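Open your viewer, get the selection tool ready, and follow along one stop at a time. Each stop tells you what to pick and what you will find there.

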Amino acid sequence: MKKIVMYRTRSCPFCVAAERLLLHKGVTFDQVYLDDHPDRRSFTAGILPGHYSVPLVVIDEEPIGGFDTMQELESRGALDPALGVS
């Protein structure tokens, strides 16, 4: 089972969409809420350079990006293998 972590805020619509997609895929994942983080832009960029927003999805300690990246992977049929879904 792959370890999936999503860094997010509570009110971000893209975070909600990413959560729904992960739930639809049936994977277990942790959510780290950054609502009260003093500088979440720097925090996410520290995990994935150039990524200054939420959500940020990390699979087995490899950051893949946000919801747009998840959608792109899904359209290519690459999201399920990335998530470890058979």
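Here is a short tour of this structure, with a few notes to begin.

**Before you start**

This is a predicted model, in which local features need pLDDT of at least 70 and side-chain atom pairs count only at pLDDT 80 or more, while totals for chains, interfaces and linings use all residues. Residues are numbered from 1 along each chain as its sequence is written, and side-chain values use heavy atoms, with hydrogens and water left out.

**Stop 1: the cores**

Select Ile4, Leu22 and Leu83. These are the residues with the most contacts inside the largest nonpolar core, which has 15 residues. A nonpolar core here is a set of buried Ala, Val, Leu, Ile, Met, Phe, Trp, Tyr and Cys residues joined through side-chain atoms within 4.5 Å. Buried means under 20% relative accessible area, exposed means over 50%, and partly exposed is in between (1.4 Å probe, protein chains only).

Which elements give two or more residues to this core? They are strand 1 (4-8), helix 1 (13-25), strand 3 (56-59), helix 3 (67-75) and helix 4 (79-83). Helices (H or I, at least four residues) and strands (E, at least two) are DSSP runs, numbered from the N terminus.

Leaving aside neighbours within four places in sequence, Ile4 is in contact (heavy atoms within 4.5 Å) with Leu22, Val27, Thr28, Phe29, Asp30, Val57, Val58, Ile59 and Leu83.

There is also a second, separate core of 8 residues, and Tyr7, Leu34, Val54 and Leu56 are included in it.

**Stop 2: an aromatic pair**

Rings of Phe, Tyr and Trp (its six-membered ring) pair if their centres lie within 6.5 Å; planes under 30 degrees apart count as stacked, over 60 as edge-to-face and the rest as tilted. The ring centres of Tyr7 and Phe43 are 5.5 Å apart and the planes are at 65 degrees, so this pair is edge-to-face. Tyr7 belongs to strand 1 and Phe43 to helix 2 (residues 40-47), so the pair links distant parts of the chain, 36 residues apart. Tyr7 is buried at 16% relative accessible area, whereas Phe43 is partly exposed at 29%.

**Stop 3**

Select Val32, a residue of strand 2 (residues 30-33). Val32 and Tyr7 are 25 residues apart along the chain, with their C-alpha atoms separated by 4.7 Å. Beyond its neighbours within four places in sequence, Val32 is in contact with Val5, Met6, Tyr7 and Arg8. Val32 counts as partly exposed because its relative accessibility is 30%.

**Stop 4**

Thr9 lies in the loop between strand 1 and helix 1. Is Thr9 buried or exposed? Thr9 is buried, with a relative accessible area of 6%. Not counting residues up to four places away in sequence, Thr9 touches Cys15, Tyr33, Leu34, Asp35, Arg40 and Val54.

Next, pick Cys12 and Cys15. Cys12 is buried at 10% relative accessible area, and Cys15 is buried at 0%. A search of the whole structure finds 0 disulfides (pairs of cysteine sulfur atoms within 2.5 Å).

**Stop 5: a lysine in helix 1**

Select Lys25, in helix 1. Lys25 counts as buried because its relative accessibility is 15%. Which residues does Lys25 touch, not counting those up to four places away in sequence? They are Glu74, Leu79, Asp80, Leu83 and Val85. Draw a distance between the side chains of Lys25 and Glu74, which are joined by a polar contact of 2.9 Å. A polar contact is a pair of N or O atoms within 3.5 Å; within protein, one must be able to donate a hydrogen and the other to accept it, and residues adjacent in sequence count only if both atoms are side-chain atoms.

**Stop 6**

Most residues other than glycine have a negative phi, and most peptide bonds are trans. Zoom in on Val54 and Pro55: a cis peptide bond joins them, with omega about 0 degrees. Pro55 is found in the loop between helix 2 and strand 3.

Finish at Asp60, in the loop between strand 3 and strand 4 (62-65). Asp60 is not a glycine, yet has a positive phi of about 50 degrees. Glu61 lies in the loop between strand 3 and strand 4 and has a positive phi near 65 degrees. Asp60 is partly exposed at 39% relative accessible area, while Glu61 is exposed at 73%.
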